Protein chains: 2
Amino acid sequence: MSLTTLTTGAAGFIGSHTVLELFEAGHNVICVDNCCNAYHDKNESLPESLKRVEDITGKKVTFYSVDIRDKKALDSVFKKHKIDCVIHFAALKAVGESCRLPLQYYQNNITGTSVLLEVMADNEVYNFVYSSSATVYGDPTFLPLTEDHPTGNCTNPYGKSKYFTEEILKDLCASDKNWNVISLRYFNPVGAHKSGRIGEDPNGEPNNLMPYISQVAVGKRQLLKVFGNDWPTHDGTGVRDYIHIVDLAQGHLSALSKLLKGGTTGYAVYNLGTGVGYSVLDMVKNFSIACGKNIAYEFAPRREGDIASCYASTEKAADELGWKSKLGLKEMCEDTWRWQKNNPNGFAGLKSDL
Amino acid sequence: MSLTTLTTGAAGFIGSHTVLELFEAGHNVICVDNCCNAYHDKNESLPESLKRVEDITGKKVTFYSVDIRDKKALDSVFKKHKIDCVIHFAALKAVGESCRLPLQYYQNNITGTSVLLEVMADNEVYNFVYSSSATVYGDPTFLPLTEDHPTGNCTNPYGKSKYFTEEILKDLCASDKNWNVISLRYFNPVGAHKSGRIGEDPNGEPNNLMPYISQVAVGKRQLLKVFGNDWPTHDGTGVRDYIHIVDLAQGHLSALSKLLKGGTTGYAVYNLGTGVGYSVLDMVKNFSIACGKNIAYEFAPRREGDIASCYASTEKAADELGWKSKLGLKEMCEDTWRWQKNNPNGFAGLKSDL
């Protein structure tokens, strides 16, 4: 069954990889992004990531440069297409920045989602997949994290904006039986598409480990700082559940099938993780092997708000979505490295890089 | 010191009583309201409640019919006046309605507040008093409720919108030292101004106990339903901390003094309650005495989400704001009855009533 999906934040890391998988599965995709965080050469009709998705898939991308808080502009997109489902990636996502600019985070992430939901209801589109995050669990009281672990003890505006939005979605589904909503709680997405042509392209200093390591490997950064070597983990460094971006993207297709088959009613939540935790030093070691270089690092004190370990229970997604991650640490590192090596300056560096 | 306060939701129950007290204390008040919940005869320049505040005080009300989500309109109000402080009442407030219309509640209460805060920052106004609620405490784990009781276990969108907004304010103050914010957690406001000319004017069936009792007394409703007579309280009915609206209004003036004297830095929270809990049957009995009539009632099953008892610790407000409630249950009942008797149909019924 070919579906028409409207994808917000389509030009981002997770967005672009999901658009690619949607195309590969034969679906139509309407892409929306304000490109506040994605490279878009104004002489081009598409942001660079989506141009490359066109190249890779041979499909034509339908793109609207729209801010989801602009209700009128968003509504006009819905009026032009018959949308079956919305996959909502658009959000600000940097923890540190969210502490400096909380209002911007709340306005983008909560107001933005609320406006999108209003426009959907106005246009009688009630199928919704939401980009949530394992951050909603706060500091884990048990591991692996099952979907019924308590949520809400978030320590920063980014995390709170994800948690608050989940609550809004839950309330919305309780208020109106038309809605079918799945929140996908992402663990730590890494890797890149096999082609090496799309990948994670952080602005400035990366907030996440994997882009940091790969920028050290490619010579853009001197040294990785490892925050804490006295955590209660196998080697003292923090443990996370890293998941390959292509696996993650495919999780959205599984969620989509579930929604569109009428397999859910109301609100449901699924973890997207591998169930396996790797430490910072595990990642450094494996990335070194993949790129054939030493990754220089030094230990630094723990950061406030960090936690020791975090990894997913994958049972519910396997049982109810029929989805499981397939790609291992080796692919995560090799694919990240291929993207980084081919695009040392990300999407903006295209002309000089290739 | 005469201050200029911008008051949102100025035409509402708490808003109008606070505007009156601000005038009586010699302050200037700029009133903003979209009147989605307040009677405004379009042939008149003012909503009825504020017209009466003019009559009572002899002061001239400056009023703008503005929705706080309309950033441009709100900004133009800030450009016209030199504002010292904002007191922010504007919000939707009916628990049951919030379960039916969650998006409207989140948009009005969270997006609305966020837009207001953005406009304030744009205009370099950083003093803010927020209308919060004891509902942020959820089901009490101890009594009396002190300000450091955990918050956030709210069971309905109205309560969540208050809790989420408190978190946003806390994050905002942490991000920018210019801000001085006081959240006032209201317990159960009742009563009316001594004049009997302004008071609570619910749309349709009242959500709160006191207006319900007074509508039974005045013959508009037949019978009070008392939800649960098996609560663990002195007579089996639910116990709440009722506070006279004039006391509550004066609490805002104390908060204002604290803010403007530079007495706070960053974010602070205070309960506004009396510290004394009365049961539903206590209220019925005392209202009967005040109005000289029997109040018919019957018992009904408990409602989901209700709690047995809730009352405030008043120590922090006394110590730090120098504020304490002065009016007792007798005044609460007598003043409510004077308002109800003189205005059986609320503000809209003016012409036939007086």
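## Exercises on a two-chain model

A:Pro144 has its place in the loop between strand S5 (127-133) and H6 of chain A, where helices (H or I, at least four residues) and strands (E, at least two) are DSSP runs numbered from the N terminus. This is a predicted model, in which local features need pLDDT of at least 70 and side-chain atom pairs count only at pLDDT 80 or more, while totals for chains, interfaces and linings use all residues. Residues are numbered from 1 along each chain as its sequence is written, chains are lettered from A and ligands numbered from 1 in the order in which they are written, and side-chain values use heavy atoms, with hydrogens and water left out.

**Exercise 1. Find which residue is joined to A:Pro144 by a cis peptide bond, and then look at the corresponding loop of chain B.**

Step 1: the cis bond joins A:Leu143 to A:Pro144, and its omega is about -10 degrees.
Step 2: in chain B, a cis peptide bond joins B:Leu143 and B:Pro144, with omega about -5 degrees, and B:Pro144 sits in the loop between strand S5 (127-133) and H6 of chain B.
Step 3: another backbone feature of chain B is B:Cys35, a residue other than glycine whose phi is positive, near 55 degrees; B:Cys35 belongs to the loop between strand S2 (28-33) and helix H2 (48-57) of chain B.

**Exercise 2. Describe how H3(A) and H5(A) are placed relative to each other, and which residues meet.**

Step 1: the axes of helix H3 (residues 71-80) of chain A and helix H5 (residues 102-122) of chain A come within 10 Å and cross at roughly 40 degrees (axes are lines fitted to C-alpha atoms over the stretch in contact, and angles run from 0 to 180 degrees between N-to-C directions).
Step 2: H3(A) and H5(A) are therefore oblique to each other, since angles under 35 degrees count as roughly parallel, over 145 as roughly antiparallel, 65 to 115 as roughly perpendicular and the rest as oblique.
Step 3: from H3(A), A:Lys71, A:Leu74, A:Asp75 and A:Phe78 meet A:Val115, A:Leu116, A:Glu118, A:Val119, A:Met120 and A:Asp122 of H5(A), contact meaning heavy atoms within 4.5 Å.

**Exercise 3. Work out the arrangement of H7(A) and H11(A).**

Step 1: helix H7 (residues 209-217) of chain A packs against helix H11 (residues 329-342) of chain A at an angle of about 55 degrees, with the axes 10 Å apart.
Step 2: H7(A) and H11(A) are therefore oblique to each other.
Step 3: H7(A) brings A:Met210, A:Pro211, A:Ser214, A:Gln215 and A:Ala217 to this contact, and H11(A) brings A:Met332, A:Cys333, A:Thr336, A:Trp337 and A:Gln340.

**Exercise 4. Find how many salt bridges join chain A and chain B, and locate the partner of B:Glu167.**

Step 1: B:Glu167 forms a salt bridge with A:Lys160, and their closest N and O atoms are 2.8 Å apart.
Step 2: this pair crosses between chains, from B:Glu167 in helix H6 (residues 157-175) of chain B to A:Lys160 in helix H6 (residues 157-175) of chain A.

Methods: Salt bridge = Lys/Arg side-chain N within 4 Å of Asp/Glu carboxyl O.
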